[in-house]
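Colleague: I am new to this one. Please take me through it, and tell me what stands behind each word you use.

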Amino acid sequence: MSAALIPRNALAWLLSAQVVVLLPHLTRLPWWVAVLWLGCAAWRVQIQRMRWGYPGRILRTAGLLLTGVAVFFSQGTLIGLDATVMLLLLLFMLKLLEMRNPRDALVVIYLGFFILATAFLFDQGIPLTLYQCVGAVVLVAALIGLQQSPARNDPWRALRSAAAMLLQALPLMLLMFLFFPRLAPLWTINLPSTESRTGLSDTMGPADIANLAQSPELAFRASFEGDIPPPSRLYWRALTLSRFDGRVWSQDRLLERRQPLAVERSGATLDYQVIAQPTGRNWLYSLPGSVSDSPELRALRDDTLRAKRPLSSTFGYTATAFERVQRQRDGLTEDERQRLLQLPEDSDPRSRAWAEELRQRHASDAELVNALLRHFNQQPFHYTLRPPTLGRHSNDEFLFDTRRGFCEHYAGAMTFVLRAAGIPARVVTGYQGGELNPRGGYLLVHQFDAHAWIEAWLPGQGWQSFDPTFQVAPSRIERGLEEAMREEGSFLADAPLAGSRYRDIGWVNNLRLTWDDINYQWQLRVLNFQSEEQLALFKRWLGTADWRRIGVLVLSLVGLVMVVQALIWLRPRRLSGSPAQLAWQQLDQRLCKLGLGVRAGEGPRDWQQRLRQALPQQRAAIDGFFDRFVEQSYAQRQPGEAQAQLKPALQTLLRSLPRRRPPAPSQALD
Amino acid sequence: MKDALSAAQDAIDKVLLGKSQSIKLALACILAKGHLLIEDLPGMGKTTLSQALARVLGMSYQRIQFTSDLLPGDILGTSVFDRNSAQFVFHPGPIFAELILADEINRATPKSQSALLEAMEEGQVTVDGATRQLPDPFFVIATQNPVSQSGTFALPESQLDRFLMRLSLGYPSEAAEKNLLMGAERRTRLDAVEPLLGHEQLRALQAQVPQVTASEALIDYILRLVNHTRNSDSCAWGLSPRASLGLLAAARAWAMLEQRHYVIPEDVQAVLPAVVSHRLRATNDPTGHGGDSLARWLLNEVSPV
């Protein structure tokens with residue numbers, strides 16, 4: 001076996017397959033990886049051309065060690081997903097240099113399939129999936145090329161066969177996708193780090209959300225059972241921020257314990273489904289007072305939902321909202337009240353003084369809140385994406401000097417004043433509104449829909465949401481950020497290529513929404529197709545979700561297909577060809593029943609001879625047919641008039657044949 | 001005239017016992033104007049066959065023993081200075097005989113081999129700038145020994161292709177060998193062979209071969225055979241158009257020997273192993289000796305009708 005070489009065709013396909021398989025990874029890897037591949041490939045080509053030799057043992061060992069070191073320096077570790085995938089890729093390249101015989105090439109190709117799969121750990125979108133199909137075709141072509149003879153020089157044949165084979169495998173793939181049990185993983189791996197992704201952060205300082213509002217990236221998609229509620233109801237809560245250090249609002253872990261929150265729910269229900277984009281964090285988006293029975297998430301005491309694992313890929317869940325919710329009407333615990341009134345000692349003296357003043361003027365908490373909202377509405381506050389920078393006492397400066405700010409300024413300042421006036425309050429961050437995709441009937445919520453508002457606890461009412469931004473710029477709530485920033489012209493000013501900027505141009509917008517719809521369906525129906533959905537599908541199609549019955553059904557389906565296939569194979573062959581060939585095939589079919597059908601590669605005269613011996617009584621008829629057959633087929637350049645006599649001769653022969661094969665004449669044994 | 005052919009066949013049969021199939025193939029090869037390569041162990045009757053053929057056909061016979069120091073001039077001839085006429089006079093080499101036995105052709109250097117093979121292909125030789133016609137009929141029987149390959153120069157595929165057929169005589173059957181041992185000495189049997197076919201007759205027969213009818217159905221069969229070798233993964237490479245032409249010519253000659261004026265698939269099947277086995281190589285066979293089994297495989301794979 002060691003003498004066998006790798007065919008040139010196979011090497012060409014193998015190298016192409018490596019390029020195709022490596023490309024999706026190259027964007028994440030340092031530039032020298034591509035250079036290393038070029039080096040390895042060039043060396044392997046030189047080996048194939050018999051110009052260079054294989055690297056020696058020392059060189060290979062050094063290469064292996066160097067690879068490990070390089071991965072360590074590039075990723076900072078040798079374990080973890082990024083580093084191991086990188087190590088795998090590098091070894092995949094280096095393996096080229098010790099690929100001596102077809103068996104080694106097989107190893108490289110199988111590794112290629114594995115690497116094909118690893119790309120899905122980083123991205124599961126439609127473009128990558130389609131691209132990986134190409135990768136699979138090329139890998140199979142390399143496998144085929146490996147089986148071709150070294151002298152055959154038709155690379156496209158391998159590719160055509162590969163494509164045909166994978167197309168034939170498509171039904172099987174669909175069957176497996178639908179029916180293969182979704183087993184829970186035996187172990188989990190830390191999926192790729194997503195620190196650099198844009199999204200909400202768990203703290204909120206001045207201008208944080210204004211920065212986020214510059215991003216056109218998608219945050220999540222939401223669809224509703226029934227009509228989509230008006231924008232004023234679409235407050236997607238993600239986080240509550242209850243700690244303030246004078247500048248930055250952050251979470252208070254103790255207020256987010258897993259402890260049931262007393263919620264009174266009533267009125268019409270609203271079921272919705274959210275498919276969140278990966279954030280690397282575990283907070284989810286929900287409407288106030290929602291309940292969800294998805295097993296992968298849990299509800300916290302501050303009425304937010306959390307996934308059990310950080311979102312490393314898209315994550316779908318369903319939840320139900322209610323028309324009227326009243327949260328924690330019974331009252332706060334003393335500890336909670338303390339924490340919800342917490343303010344830093346020495347910040348914003350003017351705001352505190354103003355809060356005292358408001359407190360004295362308004363006896364009830366509700367009145368005070370309303371007065372504050374009226375203040376924002378009536379005073380010349382300005383809603384802007386380009387707020388001026390604020391100094392040490394940011395709330396003071398904002399409330400009394402600049403009066404220009406984005407939603408976080410209003411939410412932060414209002415919470416501060418409420419707390420200073422003795423009303424428990426917190427900042428809520430999340431998203432507000434969303435863009436309707438009329439094709440799919442779902443909402444697209446982008447990063448620029450990020451929003452901050454407040455919740456205050458009022459005696460007898462529990463937690464109530466208030467949005468100071470609505471008092472300043474009602475169009476932000478009702479028609480979205482773009483409308484609110486129309487005058488200022490600052491909507492996505494830094495992202496000239498973002499599709500969302502061109503909503504005014506009809507066909508561009510159409511294209512964008514259609515593409516998004518396709519992506520949404522992909523995520524909803526393909527990526528999100530887990531065991532729950534599978535069982536639901538079985539229930540709908542088969543009326544059962546019992547695995548045994550499903551197994552029996554699938555097996556009988558497969559059996560049915562095999563029976564049909566067998567019937568097709570066993571069906572009498574359809575006759576085709578010239579009249580002489582037809583007669584030949586007809587005779588063959590008839591004689592097969594006597595066990596005297598034509599043998600592989602048997603010519604007419606040889607067959608005739610055999611028949612004459614086996615059927616001595618029919619010799620005349622046999623000779624009559626075969627003589628005419630030979631005369632007609634071979635004695636003239638073109639088929640002549642003997643053709644007309646062939647049919648009667650065949651009929652005579654067929655009629656004369658016995659039903660059963662006569663016992664072999666004793667002398668005819670040869 | 002065709003009776004003369006079967007008479008010739010019988011006459012050689014009497015010298016080389018029990019090898020009628022090989023003799024018939026050799027005759028078909030001459031009729032199709034091809035050349036013959038015999039690959040067999042020493043002492044199997046290669047020389048006897050060629051001598052008997054030469055005698056029966058009344059051809060002049062020359063044997064060239066190929067050795068590693070054989071030079072092209074030893075085959076083609078050389079010009080020698082004649083002092084009397086003060087001119088170079090060409091002394092023709094053995095190649096100018098009508099039937100040549102090139103014995104152990106793989107022992108000579110490629111240069112000498114190619115001198116012979118070029119002559120076979122062109123039907124003429126060029127020495128010292130003068131082109132000289134070879135006699136007509138001109139027939140080469142080359143032999144090589146399949147064992148003890150050390151110090152030999154194996155014929156490359158391109159040169160093997162120049163031979164219409166490759167035969168292997170093989171051991172005689174027990175009955176034939178008994179006859180051989182009990183009968184007269186080979187030499188005397190050979191001397192007893194009389195010329196049965198004149199040059200004119202042979203040329204006429206050779207001219208008749210292309211007239212044998214090959215119907216469209218038969219040509220289709222040959223095409224199926226050839227295409228099967230080209231498309232199958234079992235063959236390292238397919239048969240060349242020269243091979244398909246050779247196959248048709250040999251099948252026609254065979255039909256003629258069978259006293260038939262048209263070719264039937266059995267004729268093709270009879271000559272196919274001899275015509276294609278040295279032109280085929282199995283994919284998984286680097287030595288190139290698997291041609292015979294490949295030819296049998298080919299016959300079984302392709303339907304004659």
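Modeller: Start with chain B, which has 13 helices and nine strands. Helices (H or I, at least four residues) and strands (E, at least two) are DSSP runs, numbered from the N terminus. This is a predicted model, in which local features need pLDDT of at least 70, side-chain atom pairs count only at pLDDT 80 or more, and totals for chains, interfaces and linings use all residues. Residues are numbered from 1 along each chain as its sequence is written, chains are lettered from A and ligands numbered from 1 in the order in which they are written, and side-chain values use heavy atoms, with hydrogens and water left out.

Colleague: How many residues does chain B have, and what percentage of them is buried?

Modeller: Chain B has 305 residues, and 52% of them are buried. Buried means under 20% relative accessible area, exposed over 50%, and partly exposed in between (1.4 Å probe, protein chains only). Chain B exposes about 13,300 Å², and carbon and sulfur atoms supply 51% of that area. Such areas come from the Shrake-Rupley method with a 1.4 Å probe; for residues, only the protein chains shown count as cover.

Colleague: Why is B:Val15 called buried?

Modeller: B:Val15 has 1% relative accessibility, so it counts as buried. It belongs to helix α1 of chain B, residues 2-15. Leaving out residues up to four places away in sequence, B:Val15 touches B:Thr48, B:Arg189, B:Leu190 and B:Val193. Contact means heavy atoms within 4.5 Å. B:Ala192 lies 177 residues from B:Val15 along the chain, yet their C-alpha atoms are separated by 9.1 Å.

Colleague: And what makes B:Glu177 partly exposed?

Modeller: Its relative accessible area is 36%, so B:Glu177 is partly exposed. B:Glu177 sits in helix α7 of chain B, residues 174-182. B:Leu17 is 160 residues away in sequence but 7.5 Å away in space, C-alpha to C-alpha.

Colleague: Which strands form the open sheet in chain B?

Modeller: Five strands, in the order β2-β5-β8-β1-β9, with parallel pairing. The edge strands are β2 (61-65) and β9 (165-167) of chain B, since each pairs on one side only. Neighbouring strands are turned by 20 degrees against each other on average, direction ignored.

Colleague: How do you know that β1(B) and β8(B) pair?

Modeller: Two strands pair if DSSP finds at least two bridges between them. Strand β1 (residues 36-39) and strand β8 (residues 139-144) of chain B have four bridges, in the parallel sense. B:Leu36 stands opposite B:Ile141 there. Strand β5 (residues 99-103) of chain B also joins β8(B) in the parallel sense, over four bridges. In that pairing B:Ala102 faces B:Ala142.

Colleague: What makes β8(B) mostly covered?

Modeller: Six of its six residues are buried. B:Phe139, B:Ile141 and B:Thr143 point one way; B:Val140, B:Ala142 and B:Gln144 point the other way. In a regular strand the side chains alternate between the two faces of the sheet.

Colleague: Which way do β3(B) and β4(B) run, parallel or antiparallel?

Modeller: Antiparallel, with six bridges joining β3 (residues 77-82) to β4 (residues 87-92) of chain B. B:Asp82 has B:Gln87 as its bridge partner. The hairpin has four residues between the strands, and B:Ala86 takes a positive phi near 55 degrees.

Colleague: Now chain A. Why is α5(A) called roughly antiparallel to α6(A)?

Modeller: Helix α5 (residues 102-118) and helix α6 (residues 126-147) of chain A pack at about 170 degrees, with axes 10 Å apart. That angle makes them roughly antiparallel. Angles under 35 degrees count as roughly parallel, over 145 as roughly antiparallel, 65 to 115 as roughly perpendicular and the rest as oblique. Axes are lines fitted to C-alpha atoms, for helices over the stretch in contact, and angles run from 0 to 180 degrees between N-to-C directions.

Colleague: Which residues make the contact?

Modeller: Among them are A:Leu106, A:Ile109 and A:Phe113 of α5(A), and A:Leu139, A:Val140 and A:Leu143 of α6(A).

Colleague: Last, what makes A:Arg352 partly exposed?

Modeller: A:Arg352 has a relative accessible area of 23%, so it is partly exposed. Its place is in helix α10 of chain A, residues 349-361. Beyond its neighbours within four places in sequence, A:Arg352 contacts several residues, including A:Glu345, A:Asp346 and A:Phe416.
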